[in-house]
Amino acid sequence: MASAPSAQLQPQADGSLRLALYGDWRQPLANEVGRQLLLKVDRLREGSAVQLDGHGLMAWGSALLVLLRQLEENAARRQLALDWQGMPDGVGRLMALAHHNPEPDNGEPGHKGQLQRIGLRVIDRWRNFETVAVFIGDLLLALGRVMAGKGRIRLKDVTEQMELAGPKALGIVSLLSLLMGMILAFVGAIQLENFGATIYVASLVGFGMAREMAAMLTGIIMAGRTGAAYAAQLGSMEANEEIDALRTMGLPPMEFLVVPRVLALMLMMPLLTLYSIAVGIVGGALVCWLMFDITLTQYMSQLTETVALRHFLIGTFKGVLFALIVGVVGCMTGMASGRSASAVGAATTRAVVVSIVAIICCDALVTLITTVMGV
Amino acid sequence: MEAHLTVDNLTMSYGQTLIQRDLSFAIGRGEIFTIMGGSGCGKSTLLRHMIGLLKPKVGRILFGHDDLWQLNPAGRGELQRRCGIAYQSGALLSSMTVAENVALPLEQFSSHRPAEIRELVELKLALVGLAPYADRYPSQLSGGQKKRAALARALALDPEYLFFDEPSAGLDPLSSRNLDDLILQLRDSLGSTVVIVTHELPSIFAIADRGVLLDATTKTQIAIGNPHELLAHDPDERVQQFLRRGQPVTHGESA
Ligand SMILES: Nc1ncnc2c1ncn2[C@@H]1O[C@H](COP(=O)(O)OP(=O)(O)OP(=O)(O)O)[C@@H](O)[C@H]1O
Ligand SMILES: [Mg+2]
């Protein structure tokens, strides 16, 4: 049967102290005994000599080693002389291994003042802008090389990415666009009904979907779906040295990885946007027909009469713009992520958040400009 | 000896953290050169400097007479294409099968026809003992198999320079010996210059013509030369400890 851990501190005839350890030091109680012992040792006179005696130890584990390390630290601080002779062999060997550590050395200058910290933050932000600008510049150059037929790019990669960014996203775009069209129709109809102008719901849905909602909706869906995927893919490739390997193989990651993805998105997103407009209009028609007694013919003729083609073009143009945002942000955050699983996770989150913010800001800007220009 | 690859007065650091300083050595054409040192002393970092992935704080890397960082990016890319590199973690492209990985450099940079490429890929995979695994994805391979696949990819273009980061770590003794043989054969047949990061003593003594030993405490090179000669003649205790697996006092009889 194992006996409880205990420790005794006995004065010896020659004025030194004997610290004897007994019992099973793997028991949970060991921690408490250790704490008590450390307190006692702290009260010893400076410069005392202490002999450790472990002959009474029955079993020991990491708890004992932790205690001994603390004891050693305290002893060094208070100039106690510890004598390890009486401890079991294994303890000494493990302690020696634990000693054998290089000094941590992070050359960062130690204390930073408040002002310095603010300054560093500002520099950091500025560098961020710089990297974004450099990335976009590089991307444009790479796109140019690819267009000129000189880039390192595989057609297969582009088609593969197009499939992922197009047909595979149809389901969710359909569902959300349909609902968006229905919501627009519903909200509009309730207000317009007051003026007996329910038929204008068709104009509202057509205009709203074509000019604003479809592009923004697809943009946000693609940011969450494809942008996040890009960030995760490129991030884990970076973590796995794959990007380095490509670089040293003479395949610039910008051409080989980023261009196919951005290109695929820029080709597919306008199509998705058009599709989303169409589905949204259908959603609106459904609501009108089922709840407000507007026939499909009435709805369509009202819509084609009042919503000009240019609104569809503006929506499609936004699709291209948002594709660029989602692609660039996704790829860039992925490639700039650190080399760890958590860094890849953080990069994915950042990709989605930054894309969505950028999409909405950009949308507001385009709307402002087009309104001022009167288109 | 004409230097094929020169590291001249190199200082490396990550941000403010110094990793190694004042490294200088030259590697001759067709030489097998090892970079040795304890874990974390900066061997992989040195390799990444030599292949142009990291820019030196101070000093130069010369391929023949060309200074890697005096070249424009295109020129640097040219140089890198003459190097075959097997990374410590393999760095296979995870979206492609093993065979596609090995074929990639051939497709991009050689004028072989697809059928020829397939045969070349089979050959390279057979050389590293991975022929049956050609159609697997990297995630379906063991650690050692990934290393060997990375090696096969590094060999794809019969490069002038070969860089291996711990090629035999994680391999059983027999595969490890086969790998040593392979490296010797490659050097003899292709005349490639081989730089290997390793701390496998048997393989260091078996194949290395020369090597440099890095030290983590002084943060610089502490020995350079043929490993056998270093073992026989170098008076530095740290060198002897490393080459004899000299162990700290605590590793006496087993407990
Ligand atoms: N990206 C990085 N940023 C900061 N420090 C790093 C980075 N990569 C490595 N280090 C540090 O640089 C030192 C050298 O790392 P390196 O990978 O070159 O070691 P190594 O000699 O190859 O070790 P091993 O034999 O274990 O592979 C280590 O102390 C490591 O912690
Ligand atoms: Mg390493």
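Good morning. A polar contact, as the term is used here, is a pair of N or O atoms within 3.5 Å. With that in hand, I turn to the structure above, which is a predicted model.

I begin with ligand 1 and the polar contacts it makes with chain B. A polar side-chain atom of B:Q88 is placed 3.0 Å from an oxygen atom of ligand 1. The backbone contributes as well: a polar backbone atom of B:G40 lies 2.8 Å from an oxygen atom of the ligand, and for B:C41 the corresponding distance, again from a polar backbone atom to a ligand oxygen, is 3.3 Å. Considered alone, ligand 1 exposes 640 Å², of which the protein buries 58%.

Which residues make up the surroundings of ligand 1? There are 13 of them, and the closest are B:S39, B:G40, B:K43, B:S44 and B:T45. Sorted by class, this shell holds 8 polar, 3 nonpolar and 2 charged residues. Helix α1 of chain B, residues 43-50, gives the most to the shell, namely 3 residues.

I now move to chain A and to two helix pairs. In general, a pair of packed helices is described by the angle between the axes and the distance between them.

On the α1(A) side, the contact includes A:A30, A:L37 and A:V41, and on the α2(A) side it includes A:A63, A:L67 and A:R77. By class, this contact has 7 nonpolar, 4 polar and 2 charged residues.

My other pair is helix α5, residues 155-165, with helix α7, residues 201-239, also of chain A; these pack at about 140 degrees, with axes 11 Å apart. The two helices are therefore oblique to each other. Here A:Q161, A:L164 and A:A165 of α5(A) meet A:M222, A:R225, A:T226, A:Y230 and A:Q233 of α7(A). That contact comprises 4 nonpolar, 3 polar and 1 charged residues.

Thank you for your attention.

Methods
Residues are numbered from 1 along each chain as its sequence is written. Chains are lettered from A and ligands numbered from 1 in the order in which they are written. This is a predicted model: local features need pLDDT of at least 70, side-chain atom pairs count only at pLDDT 80 or more; totals for chains, interfaces and linings use all residues. Side-chain values use heavy atoms; hydrogens and water are left out. A residue is near a molecule or strand if one of its heavy atoms lies within 4 Å of it. A polar contact is a pair of N or O atoms within 3.5 Å; within protein, one must be able to donate a hydrogen and the other to accept it, and residues adjacent in sequence count only if both atoms are side-chain atoms. Accessible areas come from the Shrake-Rupley method with a 1.4 Å probe; for residues, only the protein chains shown count as cover. Helices (H or I, at least four residues) and strands (E, at least two) are DSSP runs, numbered from the N terminus. Ala, Val, Leu, Ile, Met, Phe, Trp, Tyr, Cys and Pro count as nonpolar, Asp, Glu, Lys and Arg as charged, and the others, Gly among them, as polar. Contact means heavy atoms within 4.5 Å. Axes are lines fitted to C-alpha atoms, for helices over the stretch in contact, and angles run from 0 to 180 degrees between N-to-C directions. Angles under 35 degrees count as roughly parallel, over 145 as roughly antiparallel, 65 to 115 as roughly perpendicular and the rest as oblique.
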